[in-house]
Amino acid sequence: MGKQEILDYTQNRELSWLRFNQRVLEEARDETVPLMERMKFVAIFTSNLDEFFMIRVGSLYDMAAADNRKLDIRSGMTASQQLDAIYAAVAPLYKERDKTYAEIKKQLKPYGVCGLDLKELEQQEKKYVKKYFKEQILPVLSPQIIDANHPFPHLISKEIYVVANLKQNNKTMMGIVPVPEYISDVLYLPGHDIRYIRMEKVIMEYLDLVFDRYEVSDKNYICVTRNADISPDDEAYADHDDFRHIMKETLHKRRRMAVVRLETASPLGKEMEKYFCSRFKITPQCIFRTKVPMKLGFIFAIADKLPESMKRALTDEPFSPQPSSALAEGSVMEQVKHKDVLLSFPYESMDPFLQLIREAASDPDVMTIKITIYRLAKKARLVEYLCAAAENGKEVTALIELRARFDEQNNIDWSERMEEAGCRVLYGFEDYKVHSKLCLITYRNKNEIRYITQVGTGNYNEKTAKMYTDYSLITANQEIGEDAAVFFKNMSIGNLDGVYDHLIVSPTSLKQKVLSLIDEEILKGDQGRVLMKMNSLTDMDFIRKVSEASNAGVKVDLIVRGICCILPGIPGRTENVSVTSIVGRYLEHPRVFVFGRGSEAKVYIGSADMMTRNTENRVEVACPIFDPEIRRKLIHDLNIMLSDNVKARKMLSDGTYRKVTRGPEPVNAQAAFMKEALNARRPSAAAGTKEKPSFFSRLLGIFRKK
């Protein structure tokens with residue numbers, strides 16, 4: 001096999017991801033963001049980093065063990081070299097995170113929000129904590145010594161353990177105490193203010209009462225992160241014909257995977273460090289000291305506990321998803337039969353889609369409802385409506401992806417509920433995750449079979465629809481419905497090679513269609529235009545095609561939230577490419593592809609990022625937008641994002657990012673979309689008065705002229 005070409009305009013995906021998480025941390029440092037929202041960004045940064053170690057670092061360990069000579073095609077590094085680069089890059093991020101957390105904590109104190117150490121407590125509070133520990137905590141602890149008769153226990157990934165050296169009769173050993181999952185992460189102190197102390201600190205303080213026969217020293221608490229990059233193996237498929245059972249076994253296996261990171265509250269002594277390195281088969285570079293709590297979920301609970309008067313000062317101004325500006329009150333199903341509707345989350349509510357399913361469940365003309373499901377909320381009205389449809393005699397087919405990482409158990413539970421209600425549940429393909437967001441309602445109109453199709457960029461998750469930005473197209477276009485019907489038939493019979501007239505579907509046609517649409521723009525030279533929004537970009541075929549387009553003079557604007565392996569502005573490679581990343585109040589999540597300019601532009605929305613895993617190893621669906629008004633709306637939104645000079649950052653040719661320079665007027669795209677949603681259904685200006693066009697309307701006019 002020939003030597004793999006390493007391009008000079010690409011970068012390593014893992015280091016690119018770390019730069020994305022650094023942008024999340026920058027939001028925590030932004031003084032224009034309310035304090036509790038800044039603290040949430042610290043928690044999000046931490047949660048992101050946890051998942052990064054579990055999945056990406058975990059997979060690199062597996063790669064290094066399997067074949068450490070294989071080079072990353074984007075950076076030329078081996079798996080081991082990538083791991084070294086990751087650990088080197090993460091160390092300063094820990095320090096920055098610790099510093100940021102400490103600064104925000106200090107600024108929250110005047111508001112009465114205080115995370116405390118034992119030494120900071122008042123005398124009465126210390127008595128309260130000790131009494132609480134003795135009565136509520138000590139009886140439920142499971143302490144253990146480590147010696148010949150008490151082997152080192154299995155440590156669960158991302159759970160906290162208090163450790164110490166114990167001495168008795170000149171014999172030294174280790175003691176370890178799991179912080180129970182079933183007790184609160186924090187202990188709130190009595191009083192009007194929100195004063196609290198982390199539970200692991202309480203346990204560590206009174207460790208002498210736990211190990212009362214020993215002399216206790218070197219108290220600390222630790223947390224391991226285990227590799228979670230695990231898929232069902234081939235043998236499991238061969239030995240069992242129930243995929244739901246296979247996934248349950250796989251989840252059990254994940255709990256015992258190798259350690260890839262050890263976090264400690266205080267520096268470890270040399271002997272303890274040596275012991276843990278030996279025990280977990282890690283090196284000292286895998287050990288990180290953190291001054292921030294190892295679990296930060298309590299931050300969101302504290303934000304909810306704030307009194308209303310304090311919420312106004314410490315949190316974002318409340319915003320509720322608005323009714324769709326495209327729909328009047330009444331039947332959603334009847335309205336979408338006559339016009340396409342685009343819902344824009346979280347600016348608009350998900351309720352119209354849920355209402356559509358509820359109406360279909362009881363409509364006597366509806367025969368079937370078919371849907372692909374990747375992630376659902378813990379409480380999902382969608383499932384209740386689908387179950388009601390099945391109980392009403394409709395044929396309901398749900399293709400549920402049980403391998404949606406970290407949502408496996410939730411999806412297993414929902415699949416069982418749906419089967420009990422009479423739904424037909426499918427699990428997709430052995431080697432391909434089904435990541436598409438597609439729903440098809442089939443109904444009879446007199447003697448004709450008609451369709452209503454929904455295609456989305458995000459999951460059918462009622463909780464994240466209020467936190468993630470996404471689009472959801474609902475259309476009665478018969479040709480799209482016919483494609484969707486063929487798609488579901490193919491999914492039911494295990495056919496990945498289906499042919500569709502309008503939908504573009506991976507792993508067969510999506511990448512090829514996108515590349516051919518870029519080719520059309522290349523033929524236009526400097527009149528060509530490519531504008532695409534996605535979460536991540538790693539696909540090498542796509543990257544090469546973008547470089548080819550740039551060299552032909554095509555203007556290529558990429559809005560990429562996270563990983564982006566193409567480097568813009570490289571002479572002779574990507575001079576006409578720009579990369580923008582927006583990190584703000586909501587998680588940017590849509591995938592939108594625009595080829596061409598003005599009314600001639602071809603526009604698609606779908607579920608796929610331009611990542612090889614999506615374009616070659618998953619089932620994804622993207623749909624053309626035929627409605628001129630919806631096309632204009634999508635291009636308008638993308639142009640507003642390109643003009644963002646508050647939350648947007650531009651990638652430089654070395655892969656780093658810098659904030660966009662402020663213009664005469666600040667443009668915060670997400671704030672603009674919230675404002676548009678709030679104003680969409682308000683009465684127009686009084687008759688006879690000419691309303692002055694808004695800044696965003698004027699801006700859109702400028703882009704149209706371009």
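Begin the tour by selecting Lys446, which is exposed, with a relative accessible area of 75% (exposed means over 50% relative accessible area, buried under 20% and partly exposed in between, with a 1.4 Å probe and protein chains only). This is a predicted model, in which local features need pLDDT of at least 70 and side-chain atom pairs count only at pLDDT 80 or more, while totals for chains, interfaces and linings use all residues. Residues are numbered from 1 along each chain as its sequence is written, and side-chain values use heavy atoms, with hydrogens and water left out.

Stay on Lys446, found in the loop between β15 (438–445) and β16, where helices (H or I, at least four residues) and strands (E, at least two) are DSSP runs numbered from the N terminus. The phi of Lys446 is near 60°, a positive value in a residue other than glycine. Most residues other than glycine have a negative phi, and most peptide bonds are trans. Select Lys281 next, in the loop between α9 (270–280) and β9 (287–289); its phi is near 55°, again positive in a residue other than glycine, and at 73% relative accessibility Lys281 counts as exposed.

Now turn to the peptide bonds. Phe345 and Pro346 are joined by a cis peptide bond with omega of about -5°, and Pro346 lies in the loop between β10 (341–345) and α13 (351–362). A cis bond also joins Ser506 and Pro507, with omega of about 15°, and Pro507 lies in the loop between β18 and α17 (510–522).

The structure holds four cavities of 30 Å³ or more, and the largest cavity has about 120 Å³ of space. Of the 16 residues that line the largest cavity, those closest to its centre are Phe345, Gly458, Asn459, Tyr460 and Asp470. A cavity here is a set of points, on a 1 Å grid over the protein atoms alone, where a 1.4 Å probe fits but cannot get out, and lining residues have an atom within 4 Å of a point; grid points are joined across faces, edges and corners, and a volume is the space filled by probe spheres set on the points. Select β16 (448–456) and β17 (468–475), each of which supplies at least two residues of this lining, with β17 giving the most, four residues. By class, the lining has seven nonpolar, eight polar and one charged residues (Ala, Val, Leu, Ile, Met, Phe, Trp, Tyr, Cys and Pro count as nonpolar, Asp, Glu, Lys and Arg as charged, and the others, Gly among them, as polar).

Aromatic rings come next. The structure holds 22 aromatic pairs, where rings of Phe, Tyr and Trp (its six-membered ring) pair if their centres lie within 6.5 Å, and planes under 30 degrees apart count as stacked, over 60 as edge-to-face and the rest as tilted. Select Phe487 and Tyr500, whose ring centres are 6.4 Å apart with planes at 50°, so the pair is tilted. Phe487 is in helix α16 (residues 478–492) and Tyr500 in the loop between α16 and β18 (504–506), 13 residues apart. Phe487 is buried, with a relative accessible area of 0%, and Tyr500 also counts as buried, at 13% relative accessibility.

Then select Trp17, Phe20, Phe52, Phe53, Tyr87, Tyr94 and Phe288, which form one aromatic cluster. End at Lys337, which lies over the face of Tyr443, at 4.5 Å from the ring centre.

Definitions and conventions:
1 Å grid on protein atoms, 1.4 Å probe; cavity = no way out; pocket = protein on both sides within 12 Å on 5 of 7 lines; lining within 4 Å. Lys NZ or Arg CZ within 6 Å of the ring centre and 35° of its normal.
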